[in-house]
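Subject: Structure handover

Dear colleague,

My notes on it follow below.

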Amino acid sequence: MNDAVTSDRLLRHVHELDEDQLPAYVYDLEQLHEHAAAIRAALPERVQLFYAAKANSDSRLLEVLREHVDGFEVASGGELHHVQATAPGTPIAFGGPGKTAAELEQALQTGVDRLHIESEQELRLLTELLGERTVDVLLRVNLPIALGPVALAMGGRPSPFGLDPDHLDPCLSLIAADHRIRLHGIHVHLASGLDATAHLDVARQVLAWASNWATKRGVQLSEVNLGGGMGVDYTRPDTRFDWTAFGSGLRRLLQPYPHLTLRIEPGRSVTVYCGWYVTEVLDIKRSHGHAFAILRGGTHHLRTPATKQHNQPFAIHPVDTWNRPWQRPEARDELVTLVGQLCTPKDVLARNVPVARLRTGDRIAFSLAGAYAWNISHHDFLMHPAPHFHHLDHAPVSVPAGSHP
Ligand SMILES: Cc1ncc(COP(=O)(O)O)c(C=O)c1O
């Protein structure tokens, strides 16, 4: 990963954008390509890498990622259709709660690689639809595992996701009586925001539980899916999930299970670093002694800081030109709150952040905007224009003919 190159490319692009091209999402495809390659290289061969498309399903991103992943994880009929159209032939795992009969039928007709079963009701619905067809499934389990402090817990406590361990037996009986359903193992996605050590600890507990459960129930366990949730630290944008430590830890954990394939399906930690939300300062004013910078755009484009209650990291790109006949509003050596154009006090992108100098007309590039950003935002609120989308190209390296090993 070469972040210096990334910033240079980005910086040039930010300056070249016309005012009417802002706000803009800028995706650095080269960064994504290098980052995904590094993740893949850090993982043992026996670990399959699926990308959770819900983090960002931008087609150009998926096209880059398909070179590096074993498949995509989708969580709706819409995502299934989109991913199949964008990356035809790439294996797909279909998860998520509340799958409708129409979505299950779509999965059966288009042929997904795995269906993650969330409940007995869903399994029964599936058996009703199957007819002569077969299907490969994992049972999603909500394991009682202590998670410690995490950004977003989705299991290990009461949750609408997956099956409690003692609800698995009725599903096993249904599967045992139905030759059309091939059970490969279990799926867990217990939390988001785990660092490598915490994730490995969860993995260790999941593997021990799964192998014990399979032995007791006579299940042939060939696959465990650990879900995603690899942490992204928005307060330290230069840090990364330690994929190298995670990969070697998984290699160690897998040693006692020679016949098991492990899958992971990260989303945020894969695409978050390649995306930037770039905009400009429309106004700077003071209210009750506090400085506010009002930006073009806002949380209807980049909802991440509002949902996660953090300050979105950003860089200021000074624009020296000022052609108006009045004094340019600015903030100097003070705390500033960066807000958007919405008529709600919740439209805050960064609160009370120290700035040396910020002027009306300067540009702001919010980093870590490549995941759960545009696609989770409430776009239509107030009917402001949508942002523009730019992709800084990834030129595939051409290898001279005959030089492949
Ligand atoms: C089942 C499942 N898998 C994978 C993910 C991706 O998680 P993350 O983006 O935190 O890696 C999610 C996120 O909610 C999920 O629900």
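**Ligand shell**

The shell around the ligand is made up of 4 nonpolar, 8 polar and 3 charged residues. Here Ala, Val, Leu, Ile, Met, Phe, Trp, Tyr, Cys and Pro are counted as nonpolar, Asp, Glu, Lys and Arg as charged, and the others, Gly among them, as polar. Of the 15 residues around the ligand, Ala 52, Ser 192, Gly 228, Gly 267 and Arg 268 come nearest. A residue is taken as near a molecule or strand if its C-beta atom, placed from the backbone, lies within 6 Å of it.

**Basis**

This is a predicted model: local features need pLDDT of at least 70, side-chain atom pairs count only at pLDDT 80 or more, and totals for chains, interfaces and linings use all residues. Residues are numbered from 1 along each chain as its sequence is written.

**Overall**

The protein has 11 helices and 18 strands; helices (H or I, at least four residues) and strands (E, at least two) are DSSP runs, numbered from the N terminus. Its radius of gyration is 23 Å, close to the 22 Å that the globule rule gives for 405 residues, so the protein is as compact as a globular protein of that length. The radius is taken over C-alpha atoms, and the rule is 2.2 Å times the number of residues to the power 0.38. The C-alpha trace spans about 80 × 55 × 40 Å along its principal axes. Of the 405 residues, 40% are buried. Buried means that 20 or more other C-beta atoms lie within 10 Å of a residue's own, exposed means 12 or fewer, and partly exposed is in between, with C-beta atoms placed from the backbone.

**Strand S1**

How many residues of strand S1 (residues 24-28) are buried? The count is 5 of the 5, so S1 is largely enclosed by the rest of the structure. Ala 24, Val 26 and Asp 28 cover one side, with Tyr 25 and Tyr 27 on the other. S1 pairs with strand S18 (residues 388-392) in the parallel sense over 5 bridges, and Tyr 25 has Phe 389 as its bridge partner there. Strands count as paired if DSSP finds at least two bridges between them. S1 is also joined to strand S12 (residues 275-287), antiparallel, by 4 bridges; Val 26 is partnered by Trp 276 in S12. In the loop between helix H1 (3-16) and S1 lies Pro 23, and the peptide bond from Leu 22 to Pro 23 is cis, with omega near -5°.

**Strand S15**

Strand S13 (residues 290-295) pairs in the parallel sense with strand S15 (residues 330-339) over 4 bridges, with Phe 292 opposite Thr 337. S15 and strand S16 (residues 348-359) run antiparallel and are joined by 8 bridges. Leu 338 has Ala 350 in S16 as its bridge partner.

**Two positive phi values**

His 288, in the loop between S12 and S13, has phi near 50°, a positive value in a residue other than glycine. His 288 is exposed, with 4 other C-beta atoms within 10 Å. Tyr 372, in the loop between strand S17 (363-366) and S18, also has a positive phi, about 45°, although it is not a glycine. Tyr 372 is buried, with 23 other C-beta atoms within 10 Å.

Regards
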